[in-house]
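Take a moment with the model below. Then follow its sheets, helices, domains and ligand in turn.

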Amino acid sequence: MKILKLMERGAKILGSQYAILGGAMTWISESNLVSSMANAGIFGVLASGAMDGNILKNEIESTQKKTQKKFGVNIILMNPKLHDLIEVCGEKKISHLVLAGGIPDKAIIEKIHSYGMQAITFAPAQSIAKRLFKHGIDALILEGSEAGGHVGPVSTMILVQDILLNMVGYPIFIAGGILRGEIIASMMQLGAVGCQLGTVFACCKESTAHENFKNVLLKANGRNAVTPVQLDKKFPISPVRAIANIATEEFIAKQREILTRFENGEVALDNGRLSLEHFWAGSLRRAVCEGDVDHGSLMSGQIVEIVKEERYINDIVATILREAEDFLTKA
Ligand SMILES: Cc1cc2nc3c(=O)[nH]c(=O)nc-3n(C[C@H](O)[C@H](O)[C@H](O)COP(=O)(O)O)c2cc1C
């Protein structure tokens with residue numbers, strides 16, 4: 001198959017059958033989903049979110065019981081237990097760590113390498129991408145703002161033209177708004193070694209996300225997957241793409257309240273910022289695990305526009321490969 005030929009390099013980098021990553025999703029990418037991804041031939045990534053070393057160790061062990069295949073672990077660089085988490089992954093012989101929530105420094109990359117693991121991370125600009133490769137990063141993911149969850153300001157299309165096309169030959173995966181095989185094949189013809197998908201797997205049959213959560217995503221359109229409005233730059237908001245719900249409205253009201261109290265001298269800048277940060281604490285868990293789709297965070301990418309059915313991972317992967325192959329054969 002032509003698509004498998006195109007995927008050869010990326011698959012070799014990941015140690016999986018296909019050059020497709022099942023992107024880590026906090027509370028969703030747990031042992032069932034990740035082992036199912038691995039068994040379907042793609043590279044699943046466990047989300048460690050705010051876990052400590054012990055919880056992560058249990059999750060890795062439980063994934064390893066369900067698959068003999070390789071899978072990765074996603075680590076958030078701000079996690080205060082960062083070093084413990086890296087050590088646990090090293091001891092458990094994880095092959096790849098996907099670092100998120102910041103730009104890893106050289107020392108972290110070296111620490112990961114010292115355990116024989118590979119380090120992958122996200123790059124939001126060409127200069128950062130080049131610096132990361134200089135610091136020894138093994139592969140990069142360019143994730144555009146169409147993606148679900150925490151996003152940067154720039155779309156996949158711009159990152160591809162700014163970074164991928166200027167850095168052909170480097171091991172670069174593309175994420176954000178990607179699902180169909182034709183697009184995956186095209187990205188690879190442009191020089192990508194593979195793609196990372198998230199939202200579609202949050203909604204798949206093997207995902208243990210609450211059915212209320214999945215149903216909202218499956219019924220949503222691309223325009224419903226929004227990043228929150230920031231009312232005032234003194235109170236910066238981190239862009240997180242999610243389906244708009246009651247919590248989105250309440251967050252705007254909360255910003256308005258804090259802003260008024262700040263202007264009236266009733267709340268200090270730092271305290272106001274902190275209380276906005278706390279607004280979303282625990283909210284993804286509320287939606288994904290408890291099914292509270294009104295007050296939880298419904299993180300999701302714009303790709304919900306074309307994710308309309310709860311499907312098995314094998315079926316999703318087979319469709320991608322078929323679409324990619326048809327596209328490459330016709331071209
Ligand atoms: C519900 C949800 C939670 C996510 N959590 C994380 C996370 O914990 N760490 C991370 O690196 N990326 C996270 N992401 C991003 C995904 O790993 C992936 O890169 C993204 O979903 C790809 O774009 P797509 O949604 O358009 O497929 C999350 C995405 C979603 C939808």
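How many bridges join S7 to S11, and do they run parallel or antiparallel? Two bridges join S7 to S11, and the strands run antiparallel. Strands and helices here are DSSP runs, numbered from the N terminus: helices are H or I with at least four residues, strands are E with at least two. Two strands pair if DSSP finds at least two bridges between them. Strands of a sheet pair through backbone hydrogen bonds, either parallel or antiparallel.

Two notes on the source come first. This is a predicted model, in which local features need pLDDT of at least 70 and side-chain atom pairs count only at pLDDT 80 or more, while totals for chains, interfaces and linings use all residues. Residues are numbered from 1 along each chain as its sequence is written.

Back to S7. It belongs to an open sheet of three strands, in the order S7-S11-S10, with antiparallel pairing. The edge strands are S7 (149–150) and S10 (225–226), and each pairs on one side only. His150 has Val240 of S11 as its bridge partner. On the S10 side, two bridges reach S11 (residues 240–243), again antiparallel. Ala225 is partnered with Ile243 in S11. Val226 stands opposite Ala242 in S11.

Now the barrel. Eight strands close into it in the order S1-S2-S3-S4-S5-S6-S8-S9, and the pairing is parallel. On average, neighbouring strands of this sheet are turned by 25 degrees against each other, direction ignored. Look at S3 (residues 72–76) and S4 (residues 96–100): five bridges join them, and they run parallel. Gly72 faces His96 in S4. Helix H4 (residues 82–91) packs on the sheet and touches S3 and S4; its direction makes about 175 degrees with that of S3. Such angles run from 0 to 180 degrees between N-to-C directions, with axes as lines fitted to C-alpha atoms, for helices over the stretch in contact. Helix H2 (residues 31–39) lies across S1 (20–22) and S2 (43–47), running at about 165 degrees to S2.

Next, a helix pair. Two packed helices are described by the angle between their axes and the distance between the axes. H11 (residues 246–263) and H12 (residues 269–279) pack at about 170 degrees, with their axes 10 Å apart. H11 and H12 are therefore roughly antiparallel to each other, a label for angles over 145 degrees. H11 brings Phe251, Lys254, Gln255, Ile258 and Phe262 to the contact, and H12 brings Leu269, Gly272, Ser275, Leu276 and Phe279. Contact means that C-beta atoms, placed from the backbone, lie within 7 Å. These residues divide into six nonpolar, three polar and one charged. Ala, Val, Leu, Ile, Met, Phe, Trp, Tyr, Cys and Pro count as nonpolar, Asp, Glu, Lys and Arg as charged, and the others, Gly among them, as polar.

Step back to the domains. The assignment gives domain 1 (2–209 + 307–330) and domain 2 (221–299); the bounds come from an automatic or database domain assignment. Their C-alpha centres lie 27 Å apart. Across the boundary, 10 residues of domain 1 are in contact with 11 residues of domain 2. The domain 1 side has six nonpolar, four polar and no charged residues.

Last, the ligand. 26 residues surround it, and the closest are Gly23, Gly148, Gly149, Gly198 and Gly301. A residue counts here if its C-beta atom, placed from the backbone, lies within 6 Å. Strand S9 (194–197) and helix H9 (199–202) are the elements that give two or more residues to this shell. By class, the shell has 11 nonpolar, 13 polar and two charged residues.

Conventions: Contact = placed C-beta atoms within 7 Å. Parallel < 35°, antiparallel > 145°, perpendicular 65-115°, else oblique.
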